[in-house]
Amino acid sequence: MLVLSIAAILSFSTRLFSVLRFESVIHEFDPYFNYRTTRYLTEEGFYSFHNWFDDRAWYPLGRIIGGTIYPGLMVTSAVFYHALWFFNITIDIRNVCVFLAPMFSSFTTLVTYWFTKELKDAGAGLVAAAMIAIVPGYISRSVAGSYDNEGIAIFCMLLTYALWIKSVKTGSLFWSCLCALAYFYMVSSWGGYVFLINLIPLHVLALMLTGRFSHRIYVAYSAVYCIGTILSMQISFVGFQPVQSSEHMAALGVFGLCQMHAFIDYVRSKLSVEQFNILFRSIVLMGAVVSLSVAAIGTATGKISPWTGRFYSLLDPSYAKNNIPIIASVSEHQPTTWSSFYFDLQMLTIMFPAGLYFCFNRLTDANIFIIMYGVTSIYFAGVMVRLMLVLAPVMCILSGIGVSSTLNTYMKNLDVSRKDKKTSKKNVDHTYPFKNEVATGVVFLVTAFLITYTFHCTWVTSEAYSSPSIVLSARAGDGGRIIFDDFREAYYWLRHNTPEDAKVMSWWDYGYQITAMANRTILVDNNTWNNTHISRVGQAMASTEDKAYEIMRELDVNYVLVIFGGLTGYSSDDINKFLWMVRIGGSTDRGAHIKEADYYTPQGEFRIDKEGSPTLLNCLMYKMCYYRFGEVYTEGGKPTGYDRVRNAEIGNKNFDLDVLEEAYTTEHWLVRIYKVKDLDNRGA
Amino acid sequence: MSKRGDTSAALKSAPSENLVSVLKKFYDEYMTSTSKRLKIVDAYLVYILFTGVIQFVYCALVGTFPFNSFLSGFISTVGSFVLAVCLRLQLSSISSDRVVWCFHYRPRSC
């Protein structure tokens, strides 16, 4: 118990690096949207939240927020907020949001302990809990301030799985209903619930194929499927998908198979073998014909919709790259490299096969589940970096089983004291000499592994995963710290110095932050649901000033915002993202005149200096980023206008803007805001 | 093995007869061996199945609007059916002395 509570407290405290170094602020991009919706929920109440139509995003289209989000995260925060305020502990909603993810990681530690205890024993449970408290793969998406769906989704997922294993082991309706309720919580929190609704039927199928089907499995799966499906359709975003889309058909198929299997077994118990065979053959023939025809008709008429792009790209990784540039451009969707695996999991990658071996050693219904979970997670984590998060818990569980079994095997051989020698002689195996020494060596080795694991995890958390992305810091020449707070500076300038109904055009990355902090209407944001609209913005950024002005007048744009890192050396700026703007801009009909090849030099390089392509040097994005930059000295010994990210002097230096005027540039030139000029008073 | 050969020979001669006789035998066996309590639960199961089939045929004939109501009605029949089967499992395992009826039941706790 003490070990477990220490692990829970540890998991909370190791996620607080960024709060201690900077301040309690929401990180990155997506969390700002979640924060804005949570604020709306606490202020307006659940009904207006559920029916919310947002007209401040995706101008002029708007977005139905009530029907296109997973409300679990917001509702959880609002519940905590109201509970705290009920007891007159007045914590601001921002702080509730910032600290929600670490708190749920403590809960995850507890659930992992219980889950592994069900699978093996309490010892393995403690090891797994300690490992999941600090594993970097999970920390990366659940630090304090990373207020995103995955923070609570992993907790819900493990809770659902643990309750599923419990219901499989006991076959009682009580645990199955609890599992269905946990599944509802999971569906409300993350789109990754599709993984659950496919893994559980796969598990049942595996049990059927290995001949382990029994009435316990029947009770567990039928109850979970029926109640879970009804509950999952309560979330508006999910809607009718559980009975219509291909991603859920496996669950339905296995449900039908369950019923048939149970019925056949019942009939088999009543009849003799030969009679049963006759009946069986005719039923199987009829059943196969009927089901095949239904499936064929359903898919052909379109009643059963095919796999959506996001999930299809998991099966065929090259699909997104060739067909959907928006999905391909997100860096989280790229395939995982070997170094990422080691970086995020370190020792677990080695102990994971050991745990698999120990599970195969003692095959039970529950162990088959964890084996399947582990293997499928490895595949999906290899396809997409973002899914490393799904792999981290199962790695911890299996490694916990592996470590604990290894230590169990060898500790039996440890020679502790002379008194026990008589009784311990029975357990000791006489297969090899020097048992005591070997056992001590193995125990030391495993302890050393665990210690290096701890150091690695803490180092990774501190260095790589604790930056808020909205506040940057760097070391000055004299060793002091410089803080770059340009993003918030620009957003608050927008908030205080522009009219209420001003419309801001920027690339979709910054959309959520602008609506949350600057409170202005935007054209495109991170939801990326309308590729044509984003493509229009991309065309505007990639065209010359006059062409871009037409697009901006059409979309009623008042202000344009760009991120520029050339002065400070910040490399995630818009010029580095520019090629994606060109690709996405040229991917629709109206953008057919934008070809990627035009923006490269004749040799095929992307250059911004004098050798760069003239199309690039005259497009709107270039002009907005480098306006007046030609007069600035950035580094000693270099000419003016030296871009510190691309390491080149810019080609097009002293130009004027025709259709824009500069509205604001932040202290370190990170964010630049331009006002779109109105039409002339007199026609030209 | 020889017994099987005989039966398959008998099969080749009159297949449909055999199927009907199998079903009749199953029906007789069912009537005699199941207790009154289980028969009541089975009657309830047949009624629910009937209701579900009617709903499904209606939906196929008339159309799926409003989809909500069809789904709720159909899933409630399916759910009640499943829960009644679970009840029947519990009852039969209580009433029978040995776990004869529990198919493929693995006695060791997993």
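In this predicted model, the charged end of A:Arg481 sits over the ring of A:Phe22, 5.5 Å from its centre.

Over all chains, a search of the whole structure gives 47 aromatic pairs. One of them joins A:Phe487 and A:Tyr570. The ring centres are 6.1 Å apart and the planes meet at 75 degrees, so this pair is edge-to-face. A:Phe487 belongs to helix H25 (residues 486-497) of chain A, while A:Tyr570 lies in the loop between strand S7 (559-563) and helix H29 (578-585), so the pair ties together parts 83 residues apart in sequence. A:Phe487 is buried, with a relative accessible area of 3%.

The loop between S7 and H29 also holds A:Phe564, whereas A:Tyr626 is in helix H31 (residues 620-626) of chain A; their pair therefore ties together parts 62 residues apart in sequence. A:Phe564 is buried, at 0% relative accessibility. A:Tyr626 is buried too, at 0%.

Ring pairs can also build a cluster. A:Tyr161, A:Phe195, A:Phe369, A:Tyr373, A:Tyr379 and A:Phe380 are linked in this way.

B:Tyr58 is part of helix H3 (residues 36-62) of chain B. B:Tyr58 has a relative accessible area of 54%, so this residue counts as exposed.

Note on methods. Residues are numbered from 1 along each chain as its sequence is written. Chains are lettered from A and ligands numbered from 1 in the order in which they are written. This is a predicted model: local features need pLDDT of at least 70, side-chain atom pairs count only at pLDDT 80 or more; totals for chains, interfaces and linings use all residues. Side-chain values use heavy atoms; hydrogens and water are left out. Helices (H or I, at least four residues) and strands (E, at least two) are DSSP runs, numbered from the N terminus. Buried means under 20% relative accessible area, exposed over 50%, partly exposed in between (1.4 Å probe, protein chains only). Rings of Phe, Tyr and Trp (its six-membered ring) pair if their centres lie within 6.5 Å; planes under 30 degrees apart count as stacked, over 60 as edge-to-face and the rest as tilted. A charge sits over a ring if NZ of Lys or CZ of Arg is within 6 Å of the ring centre and within 35 degrees of the ring normal.
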